[in-house]
Amino acid sequence: MNPARIHDEFPAPSYRGAQERALSDVRDAFEAGNDVVLVRAPTGSGKSLLARAIMGCARTVEEADPAQATGAYYTTPQVSQLDDVAADDLLDDLKVIRGKNNYTCILPDETHTPVDRAPCARERGYDCAVKHRCPYFSARAVASARSHAAMTLAYFMNTAGSDVFGMRDVCVIDEAHGLAEWAEMYATVELGPQTVPVWDDLRVPDIDGPEAAARFADTLVSVAEARKDELLGADELDAAEAAERDRLQELISEVSWFTEDYRDPQSATTWVVTQAGERITAKPMNPERYLRHTVWDRASKFALLSATILNKGAFCRSVGLDPANVALVDVEHTFPLENRPLYDVTCGKMTYEERDRTLPRVARAVARVMAAHPDEKGIVHCHSYAIQERLRDELDGLGVADRVRAHGADTRDADLDAWKESAEPEAFLAVKMEEALDLKGELARWQVVCKAPFLNTDDARVARRLEDDQWAWYYRAALRTLVQAAGRVVRAPDDYGATYLADDSILDVFERARTDMPPWFREQVDAMTRPDLPELDADAATANVTAGPPERPDSTGNEGGRDGAADASTPRSHDTDDGDTGRERRSPMADVWDVD
């Protein structure tokens, strides 16, 4: 890596805000000998451009000895972030590669078939005459040959150990604040009738801990191997059989990873196993070994970018890094404080026990905020589908339904796009959209956070950590989401948007996690005031709406634990379609190139 050329590699014609200073600080951090640099950059600071400049410092083929790694990776957990990179003309030398199911077969009669279900995936020994023109394999070949390859974190992890995407000199991970949680999610093993094709062939015992789960896993692997070999021996499979074969292969990799890691006395991972009815779940805590194989062994130097890497020491511990080899670069926030105000409209606590009493007050507060912004669009962060549904009913009862739009559990993207394209000043009731959402300019001038975004206490990992008295971690996780949410409606120095906080527990988060706040967010909290909202007036709140109420979506889902929102869309929904074979392959032991 040659950090000295970081400014020459900046892709834009000029710097914006604190970009020039940030790149100098990153350069100095790498030149000081750090292997990993955390770049804490607020929303709107142009992290993708910073990422490209850092990638440009990677060793080139001309500079390298034969055994030295060259080139750079860009990866992000968010599909939407990757889409933004792919659409940015300033980043056109980043070759984007996605999972097979994102590409369509070009064979006659297969033009509606995704590549992961094409004849090459269904027929044994199939020799594709047009493989050299296959959209997926062509894109993969180009990305592997280019010095700058871009992919989702799911795809990146899934390619660990492959010959196609091997060791590179530099890796940049954007939106890296949730890296530990993503790794835990991908390494989680879920066993039940819906995830195990051979479930009916198994005798499922009572599982009382990791040891019993490991013994059951051994039996499961034997049965799954036998069925997989039977399918592999067939000359031709239909689509359902091909899907079963792929799932069995994935399952064997996942379960084998669990048993190997659990039985490894050197592994630092603690496995938490639960059984609910027929469903068995093994979840890892602090999966250092998993991250070592899937991430840290993939490059020589790393830059991790996010607005919300709140505590360097805690973050390093959670992802298996030595803080002594990690530097933190803070990027100054250059957006005027008055353009990004926080407002206290707290109405009581939104805990499970107190929600029935508080939610009607929250609805009134939302309606009054709507009246304060009669001709401006806004978003309401509901935290769960149960809250979304009840809040919509309350707003309907207050007479402001004509200005309210929501999304369904299965139509998130389509409903979001329809709201963004609408010219009406509607309020959009959203679930789990506090991150990776760009509502610049008139797309939204205000937002309401209905509930403190605590993690779901029914999750075994969360419960275990709280049993271990890790309350600082719990509040820090909620703060991280709040900081992310605050950046949704202010995207540039000349942009502006107001954030209204409706749950008393949010103020508790600010108090308990204050020492972990980025300086620029602490400024916002310290400047927070209680606004003088207009009285509730349904006619005033809906005066500028010309259309009738949008069709009500079917937002199904069950309320999560006491604080969390298990019914909300999880991060996995962003990336299940981005594994190399189009499956939810989470195990680092998976051979992602097995299906050609």
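## Basis of the model

Two strands are counted as paired if DSSP finds at least two bridges between them, and helices (H or I, at least four residues) and strands (E, at least two) are DSSP runs numbered from the N terminus. The model is predicted, so that local features need pLDDT of at least 70 and side-chain atom pairs count only at pLDDT 80 or more, while totals for chains, interfaces and linings use all residues. Residues are numbered from 1 along each chain as its sequence is written, and side-chain values use heavy atoms, with hydrogens and water left out.

## The six-stranded sheet

By the pairing criterion, strand E11 is joined to strand E16 (residues 498-501) by 3 bridges, and the two run parallel; within this pairing, Asp344 has Leu501 of E16 as its bridge partner. Both strands belong to an open sheet of 6 strands, ordered E11-E16-E15-E12-E14-E13 with parallel pairing. Its edges are strand E11 (342-344) and strand E13 (404-406), each of which pairs on one side only. From one strand to the next, the twist averages 25°, where angles run from 0 to 180 degrees between N-to-C directions and axes are lines fitted to C-alpha atoms, for helices over the stretch in contact.

E3 pairs in the parallel sense with strand E4 (residues 148-152) over 2 bridges, and Val96 has Ala150 of E4 as its bridge partner.

## Helix packing

Helix H1 (residues 19-31) packs against H2 at an angle of about 35°, with the axes 11 Å apart, and passes H2 in a right-handed crossing; a crossing is right-handed if the near helix is turned clockwise from the far one by less than a right angle, and left-handed if anticlockwise. On the H1 side the contact is made by Gln19, Ala22, Leu23, Val26 and Phe30, and on the H2 side by Leu49, Leu50, Ala53 and Ile54. These contact residues divide into 8 nonpolar, 1 polar and no charged, where Ala, Val, Leu, Ile, Met, Phe, Trp, Tyr, Cys and Pro count as nonpolar, Asp, Glu, Lys and Arg as charged, and the others, Gly among them, as polar.

Helix H8 (residues 210-232) and helix H9 (residues 239-262) pack at an angle of about 150° with their axes 9 Å apart, and H8 passes H9 in a left-handed crossing. The residues of their contact comprise 15 nonpolar, 3 polar and 8 charged.

## Hairpin and salt bridges

Strand E7 (residues 270-276) pairs with strand E8 (residues 279-285) in the antiparallel sense over 7 bridges, with Val272 opposite Lys283 in E8. The two strands form a hairpin with 2 residues between them, and Gly277 in the turn has a positive phi of about 65°.

Over the whole structure, a search finds 42 salt bridges, each being a side-chain nitrogen of Lys or Arg within 4 Å of a carboxyl oxygen of Asp or Glu. One of them joins the side chains of Asp356 and Arg390 (2.7 Å, N to O); Asp356 lies in helix H12 (residues 355-372) and Arg390 in helix H13 (residues 385-397), so this pair ties together parts that are 34 residues apart in sequence.

Conventions: Contact = heavy atoms within 4.5 Å.
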